[in-house]
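Have the structure open as you read.

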Amino acid sequence: MRRLIILFSLIGLLSITQTIHAQDVTPQDVELVDEEGGFHKQLKTKFIDGNAGFMSLVALALVLGLAFCIERIIYLTLSEIKAHKLMEDIEGRLKADDVEGAKTLCRNTRGPVASVCYQGLLHIHQPMDAIERSIANYGGLQAANLEKGCSWIKLFIAMAPSLGFLGTVIGMVMAFDQIQQAGDIGPTIVAQGMKVALITTIFGIVVALILQLFYSYILSKIERLTSQMEESAITLLDLITAYKLRGENCKP
């Protein structure tokens, strides 16, 4: 997964570098791009108009944020299983007094739900309080693993509009500098600075909205997996209790 993040970062940096080199285009080339149309070309032109230095930082936040989002989505998707089917299989093995078979089933099943169940089965011969405490502690560890990397996504969500606002402030400073140098206030004089101010702000907010959508989707998957872990843990404790009661009843 870390390789995936590095790959997306390199792709994003390569795209940004190519965009920065595109600043050498002439006004005639820009007019030609406008005439030809095309979303990609229009976006590239706006990127250059918004000052490639600030826009590159916002684009880098987008690339890195998306890389972390994709890594989390893949991890969480692979962690999802049919929890009810797993618990039914565990119940069948415990009823057959096949504790090792239940352990093997959990060990060979991916995801935090199976890991929590395996942790409980490891301590099946201990008192119920110890089993419950072990499951709770291990469940907290698995929940933390599900949220790993989310802090970085929140960081890029906060950074994107902040960088856009920074470009806004710099653009306004550029506009006032041009007014001071020219000694006059006119639309043509302040147009470049105002363009930087507006485009960087828009781009920063759009990037934050995109990352926020992915982050909300990731949180929904984490909540669903956490709920499955809690339900499975409760079911497992009931199964272990029933297993111990059967064992006590079978004693002479």
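Predicted model: local features only at pLDDT ≥ 70, side-chain atom pairs only at ≥ 80, totals over all residues.

Which residues of the largest nonpolar core touch the most other members?

## The core

They are Ile 90, Leu 94, Ile 218 and Leu 236, out of 51 residues in that core. A nonpolar core here is a set of buried (under 20% relative accessible area, 1.4 Å probe, protein chains only) Ala, Val, Leu, Ile, Met, Phe, Trp, Tyr and Cys residues joined through side-chain atoms within 4.5 Å.

Residues are numbered from 1 along each chain as its sequence is written, and side-chain values use heavy atoms, with hydrogens and water left out.

## H5 against H6

The axes of H5 and H6 (lines fitted to C-alpha atoms over the stretch in contact, angles from 0 to 180 degrees between N-to-C directions) come within 8 Å and cross at roughly 160 degrees. H5 and H6 are therefore roughly antiparallel (over 145 degrees). On the H5 side, the contact (heavy atoms within 4.5 Å) uses Leu 86, Asp 89, Ile 90, Arg 93 and Leu 94. H6 answers with Val 99, Gly 101, Ala 102, Leu 105 and Cys 106.

## H6 against H7

H6 (residues 99-107) and H7 (residues 112-122) have axes that come within 8 Å, crossing at roughly 155 degrees. That makes H6 roughly antiparallel to H7. Among the contact residues are Ala 102 and Cys 106 of H6, plus Leu 121 of H7.

Technical notes. Helix = DSSP H or I, 4+ residues; strand = E, 2+ residues; numbered from the N terminus. Parallel < 35°, antiparallel > 145°, perpendicular 65-115°, else oblique. Buried < 20%, exposed > 50% of the residue type's maximum accessible area, 1.4 Å probe, protein only.
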